[in-house]
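Here are some brief notes on the model below. Please read them with the structure open.

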Amino acid sequence: MDVSEVLLPGVGLRYEFTTSDGQHIGVVAHRGGDFEFVSYPAADPDEVHLLFRLTAEESDAITEILGAPRIAERFADLTREVPGLSSGQVEVTAHSPFAGRVLGETRARTRTGTSIVAVVRGEEVIASPGPDQILRAGDILVAIGTRESITGVERILAG
């Protein structure tokens, strides 16, 4: 699918694309984090109809809902395409010395070479967690690395 990107000086960026059923859609990403979703009628492509607005917080929620399955799918594709690269899931148990501590304290990437690309907490997916992300018992860390390095992350979390 082709997505065009247009800089809107002082406003942000506008992304436009045509859906499979022929609807011309635009998303205006404001510099402050809000988004506007618009449509362009086929009869007059210069006319714009506001469909809805989302705050930055609402946009983050939608991103998590739509992004989580895509993230998992893309990582699965990537691990099939790159020999030696694997994805894995590592649970933070109640007995882990890192339960209640921040991800950065594990030093997982430095120690093993594995990247933690998401934290799954119940129904919530925290994509691209930062080092200040607090880990909780029951969290599932989605990891990308070699099989050996992912096993290294399991050992770190186990203490």
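Which polar side-chain atom lies 2.9 Å from the backbone nitrogen of Thr146? The first point answers this.

1. The side chain of Ser149 supplies that atom, 2.9 Å from the backbone nitrogen of Thr146. Ser149 sits in helix α3, residues 147-158 (helices are DSSP runs of H or I, at least four residues; strands are runs of E, at least two). Ser149 counts as buried because its relative accessibility is 8% (buried is under 20% relative accessible area, exposed over 50%, partly exposed in between, with a 1.4 Å probe and protein chains only). Ser149 also touches Thr112 and Thr114, leaving aside residues up to four places away in sequence (contact means heavy atoms within 4.5 Å).

2. This is a predicted model: local features need pLDDT of at least 70, side-chain atom pairs count only at pLDDT 80 or more, and totals for chains, interfaces and linings use all residues. Residues are numbered from 1 along each chain as its sequence is written, and side-chain values use heavy atoms, without hydrogens or water.

3. The structure has 1 aromatic pair (ring centres within 6.5 Å; planes under 30 degrees apart count as stacked, over 60 as edge-to-face, the rest as tilted). Phe37 and Phe52 form this stacked pair, at 4.5 Å centre to centre and 15° between the planes. The pair links distant parts of the chain: Phe37 is in strand β4 (residues 35-40) and Phe52 in strand β5 (residues 49-54), 15 residues apart. Phe52 is partly exposed, at 39% relative accessibility.

4. Leu66 belongs to helix α1, residues 56-81. Leu66 is exposed, with a relative accessible area of 57%.

Technical notes:
A polar contact is a pair of N or O atoms within 3.5 Å; within protein, one must be able to donate a hydrogen and the other to accept it, and residues adjacent in sequence count only if both atoms are side-chain atoms. Rings of Phe, Tyr and Trp (its six-membered ring) pair if their centres lie within 6.5 Å; planes under 30 degrees apart count as stacked, over 60 as edge-to-face and the rest as tilted.
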